[in-house]
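The entries follow in the order in which I looked.

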Amino acid sequence: MNIIPAIDLLDGRCVRLYQGDYNQAQTFNDDPIAVAQDWVEQGATRLHLVDLDGAKTGKPTNYQVIEAIANTINIPVQVGGGLRTRDNVATLFNLGVERAILGTIAVEKPQLVADLCAQFPGHIAVGIDARNGKVATKGWLETSEILATDLAEQMAQLGVVTIIYTDIHRDGTLIGPNLEALREIANVVSIPVIASGGVSSITDLLSLLSLEPLGVTDVIVGRALYTGDINLKEAIQAVGQGRWQDVPSDFGDSTFA
């Protein structure tokens, strides 16, 4: 399972919200570019960027920081937040972003999602953020009556490359991922699912491995990396390529022997 560090951008700073609440934003670093470089040095193979200003206003505003990150590091970058027009998405790709994450328009303009999937095949993802199983939109400020599982099934049929599922009640809380909700999403789609929200420890990451055969292939980790509850290098050893359980049984003088 791939671990994707999250960088949430608010006024150009690297922050984390608690349950999506803009009034509970904690700044972790004023230099998101340095943060991105640090995650790459620790072994990240992809970064997840969220333009929180864009998610709230409906128009991306952190283009300059996003471009600087995309052109500074040598791994793919996926970006979401306020992408509600074709021009927004095209601009991101011109900045060097590898994958665009759509949210609100998946609910409000599914035909536009289909058109973007056709125009940029393999580069369009949809983020499904849910409260009690129902999809939230507009930077999590509104909650629809649409079930997350129904939207996931529809988006998979339209051609998105992956679904990113976030349980809002767990995001930024460090109380663990919603395994049952992730299982429900994975069971209704045949494309990869990325888990997000609540991951607090390597134990949480190991618990997600049970969903890997269903298609939960990646996990986004945010607050736990910034607080030090999870060390990225150790986490990659635990659940990534060459993970501990795949190491040959001859440990030699290792303390694991």
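Is the crossing of α7 and α8 left-handed or right-handed? I found that α7 and α8 cross in the right-handed sense, where right-handed means that the near helix is turned clockwise from the far one, and left-handed that it is turned anticlockwise by less than a right angle.

Before going on I noted that this is a predicted model, in which local features need pLDDT of at least 70 and side-chain atom pairs count only at pLDDT 80 or more, while totals for chains, interfaces and linings use all residues. Residues are numbered from 1 along each chain as its sequence is written, and side-chain values use heavy atoms, with hydrogens and water left out.

Entry on the helix pairs. I looked up the axes of α7 and helix α8 (residues 179–188), which come within 9 Å and cross at roughly 30 degrees; axes are lines fitted to C-alpha atoms, for helices over the stretch in contact, and angles run from 0 to 180 degrees between N-to-C directions. Helices (H or I, at least four residues) and strands (E, at least two) are DSSP runs numbered from the N terminus. In this pair A148, T149, A152 and E153 of α7 meet E184, I185 and V188 of α8, contact being heavy atoms within 4.5 Å. The residues of this contact divide into four nonpolar, one polar and two charged.

I then turned to helix α6 (residues 110–119), which packs against helix α7 (residues 148–158) at an angle of about 35 degrees, with the axes 9 Å apart, again in a right-handed crossing. Here P110, V113, A114 and C117 of α6 meet Q154, M155 and L158 of α7.

Entry on the annotated residues. The unreviewed UniProt entry gives "active site" for D8 and D129, and I kept in mind that such annotations may be inferred rather than shown by experiment. D8 lies in strand β1 (residues 2–10) and counts as buried because its relative accessibility is 7%, buried meaning under 20% relative accessible area, exposed over 50% and partly exposed in between (1.4 Å probe, protein chains only). D129, in strand β7 (residues 124–131), counts as buried at 16%. Leaving aside neighbours within four places in sequence, D8 is in contact with R13, C14, V15, R16, V50 and L52.

Entry on the core. The largest nonpolar core has 70 residues, and I7, L47 and I124 have the most contacts inside it; such a core is a set of buried Ala, Val, Leu, Ile, Met, Phe, Trp, Tyr and Cys residues joined through side-chain atoms within 4.5 Å.

How values were computed
Nonpolar A, V, L, I, M, F, W, Y, C, P; charged D, E, K, R; others polar.
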